[in-house]
Structure formats: C-alpha cells, structure tokens
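Work through the exercises below with the sequence and the 3D structure open. Try each task before reading its solution.

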Amino acid sequence: MSKAPNMPKSWREETKPHKFCPGCGHGLVLKALGQAIDELGIQDRVVFGCDIGCSLLSFDFFNVDSVQTHHGRTTPVVTGVKRARPDRICIAYMGDGGGYAIGSQHLVNAAARNEKITVILANNCNYGMTGGQMAPTSLPGMKTETTPYGRDPEVTGYPTQGPEMVSAITREGAYVARGTVANVRQLKNYIKKALQNQVEGNGFSFVEALSGCPTNWSTNAKDTWAFIEETMPKYFKVGELKAPAKKEE
Amino acid sequence: MAEKPIQGEKRVFMTGNEVAAWAALAAEADIMYGYPITPQNEIMHYWTRLSPKFDRGFLQTEDEISAGFTTCGGVLSGKRAFTATAGPGNTLMQESMTMAEMMRIPLVCVVQQRGGPSTATVIYSQQEATMTCYGGNGEGFRIVYSTSTHQELYDYVIKGFNTAWTYRFPTFVLGDGYQAKMRESLHIYDPATKGINMVATEPSLGLEGTPGVDRDPQHLRNTYNTEEELYEVVSELVADYEKAAPEIVEYQTFDTDDAEIVIVAHGIVTRAAQAAVKELREEGIKVGHFRPITLRPFPANELKEIASKAKKLIVMESAQGQFDRMVKHAIYGLTTPIEDYFKPGMGITSEEIVEYVKKGM
Amino acid sequence: MGSDNMKIMEAYVGEYASGKSEIALNRALELLKEGRKPVTLVDLDLVEPFYTLRPIKKELENKGLEVIAWETNQTIGLGEAGCIIKPEMRWALRKPGDVILDIGYGVEGAKKLNLVEDAGKGLKVYVVTNIARPITGTVKDIIEYVKTLGPVDGLINNSHLGDDTDLEIIQEGAQVVTEAAEILGLPVIWTTVEERFADQIGEVDVKGNPVFLIKRHMNRSFW
C-alpha cells in the first residue's frame with residue numbers, strides 16, 4: 001500500500017484526510033508524533049490515548065491501538081494501561097484544557113510519580129471544540145467567548161506554564177520540553193526524545209506543542225502564523241526544560 | 001509463578017474489607033487501582049500487604065477519578081483489574097464507570113457505603129444504592145450485587161469478576177461500613193476447588209502484531225457524531241443488558257409462600273429481616289422476607305409475584321427511599337399497600353423490625 | 001495496692017481484628033474485679049477509633065473503669081480522621097493505678113507506643129494472635145509478623161471463629177502459637193477463651209498454657 005508522500009508510516013491512510021479544521025495545528029503535532037514513532041520503530045508497541053476536545057479527532061488517526069477517553073482523563077487511562085502492560089509505549093494526547101484545567105491533578109500526580117508514560121499536549125490558547133472559550137493558556141487581553149473583553153489576569157490569572165511546572169515537580173529521568181508547530185523538525189525531535197525516554201524506562205516525559213486554532217482565533221493564515229511564531233513565544237518559551245543525562249556511550 | 005494464595009478451603013475469621021482483598025487474590029485479580037477513603041481502606045491495606053507475595057500489581061492514584069480511569073486502562077489492557085471506594089469517592093468514580101458502561105469495560109468495584117449526603121459519616125449507610133446502580137450520565141448498564149455476610153462478600157467478589165468478564169458490564173459488590181469493619185467467620189477457598197473457573201480475560205489495547213500491517217488497529221471510542229449513531233449503540237447495549245439480565249439476576253426468599261406481610265430489604269438489613277421473620281413466625285405471624293441480591297438487574301418479576309399475593313409490603317432500608325424506588329418501579333401496577341421504614345445512615349435491628357411489624361397488626 | 005512496683009502496665013498489640021480490644025477490655029475488668037483501683041483502659045487504636053471502644057465507653061465507665069477513648073459526641077467533625085490522639089493518651093502511663101493499653105494495628109501498629117510517654121519503663125507488651133486470620137495462620141506467619149513489632153514480652157493465643165468457634169480451633173491455635181513462641185523465645189501468656197467453653201477446656205490448654213476466660217463485649221457495637 002503506497003502512502004501519500006511525506007505521510008508517516010504509522011499514520012492510518014484510511015482515515016485521511018483527517019477531520020481537523022484547515023490550518024489547525026493538531027495535524028502538524030500528529031505528523032511530528034507519527035515521524036517520531038516511525039523513526040523509533042515502535043508502531044507495534046504503541047498504545048495511544050486521546051482526550052475530549054479537538055484531540056479526540058485523533059482516536060483513529062494512527063495505525064496503532066488507540067482509545068478515546070473523557071475530558072482530562074487520558075492521563076489516568078494511559079497510566080492504567082502502562083501499569084498493566086509495562087512493555088507498551090503509552091502516549092496520552094490532549095489539549096491545554098484537558099491537561100492544565102480539568103485534568104491538571106492527573107498531570108501533576110503522574111509527573112510526581114514519575115509514571116513512565118509520554119504526555120503530549122497541544123496548547124492553542126483556547127478551548128477549541130466547545131467554541132473558543134478561555135483556557136488556562138489564554139493570553140492576557142485575549143478575547144475569547146468567555147472573556148469577551150479580553151482576559152484580565154487580575155480576575156482570571158496568567159497563562160499556565162505547563163512544562164515549567166512539570167519540570168519543577170519531576171525528578172531526574174524525566175524529559176520535559178516545549179516545541180511549536182512553527183518548527184516541526186524540532187518538535188519531532190522533542191517528541192522523539194520524549195518517547196525514547198519512555199523506551200529506556202527513565203521516567204515521565206512531557207512535550208507541550210504550541211499550536212494554532214484559526215477557527216476560533218478567527219485568523220487568516222498569515223495572522224495565525226504570526227500569533228504562533230511571534231505572540232505565543234512571548235509567554236511560552238520554546239526549548240527543552242529537562243532531559244536525562246546522556247548515558248555513557 | 002507464585003503459588004496460589006489459598007490452597008483448598010480454610011475456615012477464617014476476619015473483617016469484611018480483608019475478605020474483599022482475599023477474594024480478589026483468590027479470583028486471580030491482576031491489579032488494583034485505588035484511593036484511600038474510609039470505610040474501605042483495609043481492602044487496599046491488605047491488597048498492598050499480600051499482592052507482592054503473589055506478583056499482583058497496585059497503584060495508589062491521586063483521587064477516585066483517577067482510580068476509576070486507571071482501572072479502565074488496566075482492564076482495556078486485558079488485566080483482571082479492580083478498585084474499591086465509598087461515599088464521596090464513589091461520587092467521583094461515577095464518571096469512569098459510565099465510560100466502562102459505554103465501552104463494555106468489565107471492571108470490578110467494591111463499594112463500602114458510608115453515610116451521606118456529603119462527607120457525613122465514615123460509618124454506615126445504604127445511601128449509595130441509587131448512585132451505584134444508576135450513577136453518572138448513563139442508563140445503569142451495570143451489575144450490582146448487594147451482599148449481607150462475609151461469606152457473600154467473598155463469594156460475590158469472585159463471582160463479580162466472572163460476571164463482569166462474561167457479560168462485559170462493570171460489576172459492583174455493594175457492601176457497607178458495617179460489613180467492612182465487622183468481623184465474622186467464613187470459608188475462604190481456591191475457586192478451582194469449588195469448580196469455579198475464572199473467566200479468561202482479553203486485551204482490547206496493546207494486541208500483538210503491527211497494526212495496519214498484520215491486523216487492523218483498535219480504535220476505541222465512546223463519543224459519537226449523531227443522535228442516530230448513538231441511538232444504535234445504546235440500543236445494542238440495552239438489548240445485551242436485557243438478554244443477560246435473566247442469567248444474572250439473584251434473590252432470596254424467606255417464608256414468602258403464605259406470607260401476608262412481606263419485608264423487602266437488601267444488603268445487611270436482610271440479616272435483621274431474616275432474624276425478625278424467624279421470631280415472628282414462632283409467634284404464628286405470617287410474615288416473609290424478599291431480598292434481592294442483585295439490585296441491578298433487579299428481580300422485578302420474582303418480587304411482583306410474591307407481592308401480588310401479600311396483604312402488605314414493608315420496605316426497610318438505611319436510606320431515605322433509594323431502594324424503595326426500585327421496589328415500587330418493579331411492582332408498578334399492583335395495589336398491595338406498601339409501608340416504608342427508612343432510617344438513612346442508621347442500622348436496623350431485628351428487634352425493631354419485630355416491634356414495627358407487631359405494632360402494625 | 002497502688003505502690004509503684006505493683007503497678008500493672010500492659011499493652012495489647014496484634015494483627016488487625018486479632019482481638020486486642022476485647023482482651024485489653026477483659027483484662028482491665030478482671031483487674032477491677034480483683035479489687036485493684038483505679039484501672040485505666042486506653043484506646044490507642046488510632047486506625048479506627050470510631051469502630052472500637054466508642055459504642056460501649058459509657059457502659060464501661062459505669063462499671064468503674066477509667067476509659068480514655070473518644071466519645072461519640074467528641075467525634076463530630078472529625079469525620080474521616082482515624083488518626084487523632086487525645087492528649088490524655090500520651091500521658092496515660094503516668095496515671096495512678098493499673099493501665100491497660102489497646103493498640104491499633106496499622107503497618108507498624110506497635111510503633112504507636114512511641115507516642116506514649118514512659119512506654120519504656122516496665123510496660124509489658126503482649127501480642128494477640130488468632131490463627132483463624134490467614135495472615136497469622138501458621139507458625140511461620142506468626143514469627144514473621146511478631147518480628148515486625150519490635151520488643152515484645154509474650155504471645156496470647158486468641159484463636160477463635162466468632163460465633164462459630166469450637167474447641168478444635170482453640171487448641172489448634174494453642175499448638176501453633178506455642179510453637180511460634182518457643183522459636184521466638186517468648187512465653188505464651190494465656191490462651192483466651194470465651195466463658196462458654198469453660199467446662200470443655202479447663203484451666204490450661206492442650207499445651208499447658210493458662211486459660212483466661214473472657215466475655216465478648218465488642219460484638220455489641222452494632223452488628
């Protein structure tokens with residue numbers, strides 16, 4: 001079966017084209033994830049869990065065993081799988097609402113317990129699937145359906161610093177990074193390192209991906225990219241926050 | 001491979017929570033996920049003491065939401081996984097239980113009811129009957145065994161795993177704080193010596209072979225696009241549940257053949273009801289007792305039959321009518337008078353039942 | 001009575017549901033019956049104080065026992081907490097007269113003694129054992145268990161099956177507990193037996209250990 005050019009081997013062609021909105025960042029994050037799975041040769045071992053919210057549209061995205069869970073509950077479901085089947089490479093995929101709001105206790109505690117799973121979180125500064133409400137990651141002044149006059153940090157706080165938090169509460173052996181769909185090659189490398197960290201059994205791994213939501217941002221292609229490339233990094237610093245020490249060669 | 005936790009059969013003396021842990025061990029449960037809450041704690045305490053000796057797993061989660069969902073993950077991985085909870089923990093766990101209903105995840109959950117609403121008491125009630133049977137945004141596609149003795153706790157925890165894996169509905173063993181903490185003797189046994197074979201488990205995720213190459217991938221979901229699509233799925237659940245129900249339903253009757261007064265009670269209250277019936281019969285009073293063992297599915301036809309011949313039903317429970325609603329729903333259409341004896345969060349003794357029955361004559 | 005060298009201080013430790021409270025209680029009442037006064041019974045079951053002596057505290061006090069335990073009306077608001085120590089519990093051994101401590105189980109229940117002042121000074125620690133509890137069902141299990149407790153002064157055979165107890169289980173317990181005690185180099189203080197077996201068992205058990213006849217009180221806390 002020949003696949004379209006550049007389509008990762010682990011993608012499921014039968015479910016393409018995918019269901020995300022045009023210009024949505026999820027496709028790029030999942031492309032990076034697909035490439036990382038391919039390069040590590042772990043497709044036969046991956047168990048993929050996805051949240052509710054737009055991330056649920058990935059439930060049949062890959063040729064890997066997948067389960068769609070509830071909002072915020074992907075981390076515990078995937079943790080349950082990993083604890084029952086330590087030989088599997090378990091990935092929890094979610095958005096910023098699922099990871100930083102309704103499921104934050106699961107993220108915090110999975111990280112603190114150093115669960116040997118990989119959490120990949122798409123940060124697009126809002127709740128996409130429910131129609132563009134404020135998310136923990138919405139930027140100060142950002143207009144959303146529930147902050148129609150702009151997010152006022154005095155009232156609703158500042159954008160959640162997810163990787164910084166995870167980095168602070170994990171031990172050595174954890175891998176924590178923030179990538180962006182504006183640099184898919186780098187994002188793929190981060191995700192690959194995160195998965196490699198799980199393969200080696202070092203500990204928890206977490207990658208946040210800055211991602212775009214033109215539908216709810218109401219932005220054209222140019223403005224979408226400007227927001228991702230210029231505005232978001234002012235609040236969310238791209239780079240690796242924590243990586244296990246290199247093993248002796 | 002570690003040796004069997006129980007060889008043959010053995011007379012023992014212990015508390016209900018310990019019984020649940022031993023039963024899960026004997027039933028070859030692979031892993032428990034749980035979060036501390038009184039009065040179920042010793043299930044976890046004994047599981048964590050015993051499980052490493054028999055190569056079984058345990059994870060203490062951050063809350064009951066997580067305990068329920070990790071249990072779902074364990075079962076989806078093909079493991080005989082279980083959890084236990086009570087009260088506000090049971091409330092938090094309902095979300096995951098609806099996922100188990102929808103996705104046919106055969107988990108087992110032991111509930112040791114405590115007082116409610118809210119934090120209330122850590123001690124006892126039958127106030128989690130409605131929630132355990134029908135909690136969450138669902139239709140109650142669950143199996144709920146309401147036990148009354150330590151022997152039953154042992155028997156039904158083992159049976160619960162097999163019922164769950166046979167019919168693939170989440171299965172609850174509904175105990176209470178009294179059962180959890182009181183101590184009495186029972187026989188514990190290796191199920192095999194009783195001819196009980198544990199139903200084989202199978203994974204839904206993490207199957208062998210490369211998906212897309214050797215086989216299709218598993219793409220499991222619980223969300224649907226349209227009313228029609230959901231309706232089809234739920235209708236299938238309804239049909240499966242209704243087909244399984246007659247095979248699952250269990251109840252007991254005590255002197256109901258010629259009973260003019262029938263006491264209807266479940267769980268530990270059946271002990272008092274049984275004792276009261278015995279005493280009242282000795283005085284020549286025609287009283288009987290009907291006790292559903294399964295609250296879901298409910299033995300509606302069996303109760304209706306008995307109720308239709310009685311002059312009066314007395315529904316007794318340590319809650320404000322949760323069980324009563326199930327009874328009334330089951331016998332709808334009959335004109336037999338029903339009296340309610342509700343003591344939310346309080347135990348009911350045989351002495352007070354005897355007194356109540358006599359007073360009403 | 002009451003001179004310091006005569007003061008009896010005993011702590012009953014043991015596995016969960018092994019019968020610690022029952023024996024501590026019977027021992028305290030026995031001392032009272034011998035005319036010793038005051039006798040203080042301390043409920044140090046920090047694991048679940050709301051399930052143990054609480055329901056019968058008043059009744060015991062009416063019998064002349066001093067009881068340090070939570071009362072129902074004091075527990076309101078404590079709700080979940082199974083782990084609260086009353087200040088009087090800490091100083092209990094300094095009370096005049098005999099003091100009997102009922103210690104809860106927990107993973108290291110005996111360590112609760114660290115919470116009690118003067119516990120090192122003349123306090124005898126006895127391990128209550130029931131072989132009908134599978135976790136202490138064999139000689140090997142008992143030895144393994146007792147070794148986790150730290151220094152103790154003797155074992156008590158409290159093997160029974162509640163209402164279904166028979167002489168067989170009591171005597172089987174005597175055999176097993178005595179064998180474990182010999183290996184541990186500890187005495188068997190008593191075989192404790194419900195009064196209804198008095199005629200059947202006599203003054204000593206099958207291994208010659210003294211029999212202490214007890215009454216069951218704890219089973220009257222609801223079920």
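The exercises concern a predicted model, and each solution goes step by step.

**Exercise 1. The build of chain B**

Solution. 
Step 1. Look at burial, where a residue counts as buried if 20 or more other C-beta atoms lie within 10 Å of its own. In chain B, 54% of the 361 residues are buried.
Step 2. Take the contacts of chain B with a separation of 6 or more: 80% of them are between residues 24 or more positions apart.

**Exercise 2. The two domains of chain B**

Task: State where the domains of chain B lie and describe the side of domain 1 that touches domain 2.

Solution. 
Step 1. Domain 1 of chain B covers 9-194 and domain 2 covers 252-359.
Step 2. Their C-alpha centres are 26 Å apart.
Step 3. In the contact between them, 22 residues of domain 1 of chain B meet 19 residues of domain 2 of chain B.
Step 4. On the domain 1 side, the elements of chain B that give two or more residues are α5 (129-134), β6 (143-146), β7 (171-176) and α7 (177-181). The largest share, four residues, is from β6(B).
Step 5. Sorted by class, this side of domain 1 of chain B has nine nonpolar, 11 polar and two charged residues.

**Exercise 3. Contacts between chains**

Task: Say which chains share the most contacts, and describe the side of chain B that touches chain A.

Solution. 
Step 1. Two pairs of chains are in contact, and chains A and B share the most contacts. Chain A and chain C do not touch, with their nearest C-alpha atoms 22 Å apart.
Step 2. Between chains A and B, 36 residues of chain B are in contact with 31 residues of chain A.
Step 3. The elements of chain B that give two or more residues to this side are β2 (31-34), β3 (57-60), α3 (64-76), α4 (87-103) and β9 (219-220). α3(B) gives the largest share, nine residues.
Step 4. The residues on this side of chain B are 14 nonpolar, 16 polar and six charged.
Step 5. Strands also pair across the two chains: β2 (residues 65-68) of chain A and β9(B) are parallel, with two bridges. In this pairing A:V67 stands opposite B:L220.

**Exercise 4. A helix and a strand of chain A**

Task: Check the span of helix α7 (residues 184-199) of chain A, then describe the burial of β7(A).

Solution. 
Step 1. At 1.5 Å a residue, the 16 residues of α7(A) should span 22 Å, and the end C-alpha atoms are 22 Å apart, which agrees.
Step 2. The buried residues of α7(A) include A:L187, A:Y190 and A:I191. Among the elements covering the buried residues of this helix are α1 (26-40) and β7 (175-180) of chain A.
Step 3. Just after α7(A), A:G201 has a positive phi of about 70°.
Step 4. In β7(A), six of six residues are buried. A:Y175, A:A177 and A:G179 are on one side, and A:V176, A:R178 and A:T180 on the other.
Step 5. β7(A) runs parallel to β8(A), joined by six bridges, and A:Y175 stands opposite A:S205.

Key: Residues are numbered from 1 along each chain as its sequence is written. Chains are lettered from A and ligands numbered from 1 in the order in which they are written. This is a predicted model: local features need pLDDT of at least 70, side-chain atom pairs count only at pLDDT 80 or more; totals for chains, interfaces and linings use all residues. A residue is buried if 20 or more other C-beta atoms lie within 10 Å of its own, exposed if 12 or fewer, and partly exposed in between; C-beta atoms are placed from the backbone. Two residues are in contact if their C-beta atoms, placed from the backbone, lie within 7 Å. Ala, Val, Leu, Ile, Met, Phe, Trp, Tyr, Cys and Pro count as nonpolar, Asp, Glu, Lys and Arg as charged, and the others, Gly among them, as polar. Two strands pair if DSSP finds at least two bridges between them. Domain bounds come from an automatic or database domain assignment. The expected span of a helix is 1.5 Å times one less than its number of residues.
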